[in-house]
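Please keep the sequence and the model in view while reading.

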Amino acid sequence: MRLFAAAHPPRAAREHLVNALAEMRALTGTALRWGDPEQWHLTLAFYGDQPEGAVPDLSEHLREVARSFPPLRVSLHGAGSFSGTTLWVGVAGQTAELTELMHACSLDPDERARQRAHLTVARTSRTERARQAKERRRGSRVRAHSGPELAHVVHALSVYEGPEWTVNEIRLVASELGEGRSGGALHTTVERHPLSGV
């Protein structure tokens, strides 16, 4: 099973972002495949494919981490893209402490160097990727950031500021690719560990 540690924004924060994205969703048509807001999360650490027997050890690791950290105040803020194919919304607030939490959750020193707190909201659709591949085969130049749609959304969301909320728990989450809405991943919480450090 694919496992990761995550923090989930509350409904109010998700709904605020959904409202901010409404116009963008209408403008981009099928160029972007939008994620299910119920599945949105901040990945604290990714563990990849693990045997079921790994759950107790991972859970104990996260329980110990959670005991060491107090709740954190954050908000969703700004936007960007990874490799011109993935739209993310950034995080503001206690970001230094959130980065420390992410490092503590991770078991991979290499992952720690790459970690960046973000919430993935959309990916370039298969249709858009196929269009780009066709343009490349014909020798046409494909614009960076997967065309004007993603670049426009990133620019529009660069000033986005969501409501403040509290990261008060770490969830150990199982991910099943292709099982969620619109063919995305289905995330199921396996364990919850409240932050309780002083």
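This is a predicted model: local features need pLDDT of at least 70, side-chain atom pairs count only at pLDDT 80 or more; totals for chains, interfaces and linings use all residues.

Two strands are said to pair if DSSP finds at least two bridges between them. Five strands, in the order E2-E6-E5-E4-E7, make up an open sheet with antiparallel pairing. At its edges are strand E2, residues 32-34, and strand E7, residues 165-167, each of which pairs on one side only. On average, neighbouring strands of this sheet are turned by 45° against each other, direction ignored.

Strand E4 covers residues 72-82 and strand E5 covers residues 86-93; the two run antiparallel and are joined by eight bridges. Ala79, for example, has Val89 in E5 as its bridge partner. A helix also belongs to this picture. Helix H1, residues 11-28, packs on the sheet and touches E2, E4, E5, E7 and strand E6, which spans 119-124. The direction of H1 makes about 155° with that of E2.

Which positions carry the feature "active site" in UniProt? The record, an unreviewed entry, places this feature at His41 and His118. The two positions are spread over 78 residues of sequence, yet they cluster in space, with a largest C-alpha distance of 8.3 Å.

His41 sits in the loop between E2 and strand E3, the latter being residues 42-49. Is His41 buried or exposed? Its relative accessible area is 14%, so His41 counts as buried, the cut-off being under 20%. Neighbours within four places in sequence aside, His41 is in contact with Phe4, Ala6, Ala7, His8, Pro9, His118, Leu119 and His187. A polar atom of the His41 side chain lies 2.9 Å from the backbone oxygen of Gln39.

His118 is also in a loop, here between helix H4, residues 109-114, and E6. His118 is classed as buried because its relative accessible area is 17%. When residues up to four places away in sequence are not counted, His118 touches His41, Leu42, Thr43, Phe82, Trp88, Val89 and Val91. On the side chain of His118, a polar atom lies 2.7 Å from the backbone oxygen of Arg116.

Conventions. Residues are numbered from 1 along each chain as its sequence is written. Side-chain values use heavy atoms; hydrogens and water are left out. Helices (H or I, at least four residues) and strands (E, at least two) are DSSP runs, numbered from the N terminus. Axes are lines fitted to C-alpha atoms, for helices over the stretch in contact, and angles run from 0 to 180 degrees between N-to-C directions. Contact means heavy atoms within 4.5 Å. UniProt positions are given in the numbering used here, feature names are shortened, and annotations may be inferred rather than shown by experiment. Buried means under 20% relative accessible area, exposed over 50%, partly exposed in between (1.4 Å probe, protein chains only). A polar contact is a pair of N or O atoms within 3.5 Å; within protein, one must be able to donate a hydrogen and the other to accept it, and residues adjacent in sequence count only if both atoms are side-chain atoms.
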